[in-house]
Amino acid sequence: MIWDVHAHLNDPRLAGELEAVLARARAAGVERIVNIGFDGDSSAASVALAEKYDFIYAAVGVHPHDAAGAGPQTWDRLRDLARHPKVLAWGEIGLDYYRDLSPRDIQRRVFTEQIEMADEAGLPIVIHDRDAHGDVLAVVCERPPAHGGVFHSYSGSWEMAREVLRLGFYLSFSGPITYRNARQALEVLAKAPADRLLLETDCPYLPPEPHRGKRNEPAYAALTAAKMAELRNVSLEEISRITTENVYRVFTRLQPGETDAGMDSGIKPE
Ligand code: NI
């Protein structure tokens with residue numbers, strides 16, 4: 001069983017054929033998906049999707065692109081959504097200095113404020129870091145999240161990874177580890193401890209080879225898992241097992257032994 005810990009299933013490119021997308025995911029062994037919000041509306045949509053499908057979970061938060069547009073109403077809404085039992089994390093949050101769609105000082109303030117909200121909600125965070133490695137590290141050092149978190153689609157150096165791991169974070173890898181120019185990510189993947197690795201697609205973005213340049217979907221997490229297995233010289237089953245164990249360690253709202261019946265039944269089989 002593979003967990004795709006970072007998907008955007010509400011994106012129109014996937015939502016239009018969601019049943020087929022989910023069927024292909026399950027056929028490929030990608031049996032659990034964490035669907036990620038990026039603002040108030042997408043976070044609410046993410047929770048709604050998690051209510052509809054027992055194998056889909058949610059994260060709620062405001063992406064750095066949308067930081068400037070978030071206000072008190074957004075935060076009230078997210079705090080409310082975060083109480084839902086299928087919300088596993090607060091995110092994605094962080095800094096994006098590549099597109100700079102919100103002013104950087106606002107991105108930093110909103111990132112810090114959301115770490116505080118995640119702490120209050122008892123949730124780990126999901127970090128988006130694009131071309132902002134130094135400042136992301138500065139923020140999480142100054143205001144470490146109480147419940148840890150995940151660096152999603154990790155793209156930094158091994159030097160930074162060492163620091164991130166020392167702080168207790170998990171590293172999640174996506175399609176780019178299959179690209180020819182992935183030298184830096186491969187170094188991190190070779191050196192990082194197994195008990196901090198996670199798999200994701202970030203679909204519809206970042207498709208692995210041979211789908212580079214096209215639309216990504218959760219089924220392709222199996223291709224990234226296969227690449228991770230090859231790089232670490234272990235079997236695909238071993239990678240699936242390790243990354244699933246890590247999911248339960250970082251997303252503590254999940255109950256071990258939880259079944260497809262969902263989290264609400266409270267009835268444990270004999
Ligand atoms: Ni994302």
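A: Along the sequence, the donor residues of the nickel ion follow the spacing H-x1-H-x83-E-x109-D. One pair among them links distant parts of the chain, since H8 sits in the loop between β1 (2-7) and α1 (12-15) while E92 belongs to strand β4 (residues 87-96), 84 residues apart. Helices here are DSSP runs of H or I with at least four residues, strands are runs of E with at least two, and both are numbered from the N terminus. The coordinating atoms are NE2 of H6, NE2 of H8, OE of E92 and OD of D202, at 2.1 to 2.5 Å. Donors are N, O and S atoms within 2.8 Å of the metal (3.2 Å for Na, K and Ca), and water is not among the atoms, so sites may look incomplete.

The model is predicted, with local features requiring pLDDT of at least 70 and side-chain atom pairs counting only at pLDDT 80 or more, whereas totals for chains, interfaces and linings use all residues. Residues are numbered from 1 along each chain as its sequence is written, and side-chain values use heavy atoms, with hydrogens and water left out.

In the loop between β4 and α5 lies D100, a residue other than glycine whose phi is positive, near 50°.

As for the helices, the axes of α4 (residues 72-81) and α5 (residues 104-121) come within 10 Å and cross at roughly 30°, where axes are lines fitted to C-alpha atoms over the stretch in contact and angles run from 0 to 180 degrees between N-to-C directions. The two helices are therefore roughly parallel to each other, a term for angles under 35 degrees, with over 145 counting as roughly antiparallel, 65 to 115 as roughly perpendicular and the rest as oblique. In their contact (heavy atoms within 4.5 Å), W75, L78 and R79 of α4 meet V110, E113, Q114, M117 and E120 of α5. The residues of this contact divide into 4 nonpolar, 1 polar and 3 charged, with Ala, Val, Leu, Ile, Met, Phe, Trp, Tyr, Cys and Pro counted as nonpolar, Asp, Glu, Lys and Arg as charged, and the others, Gly among them, as polar.

Helix α5 also packs against α6 (residues 133-142), their axes coming within 10 Å and crossing at roughly 35°. There R108, F111, T112 and I115 of α5 meet D135, V136, V139 and V140 of α6, and the contact residues divide into 5 nonpolar, 1 polar and 2 charged.

Finally, the axes of α9 and α10 (residues 236-250) come within 8 Å and cross at roughly 105°, and α9 and α10 are therefore roughly perpendicular to each other.
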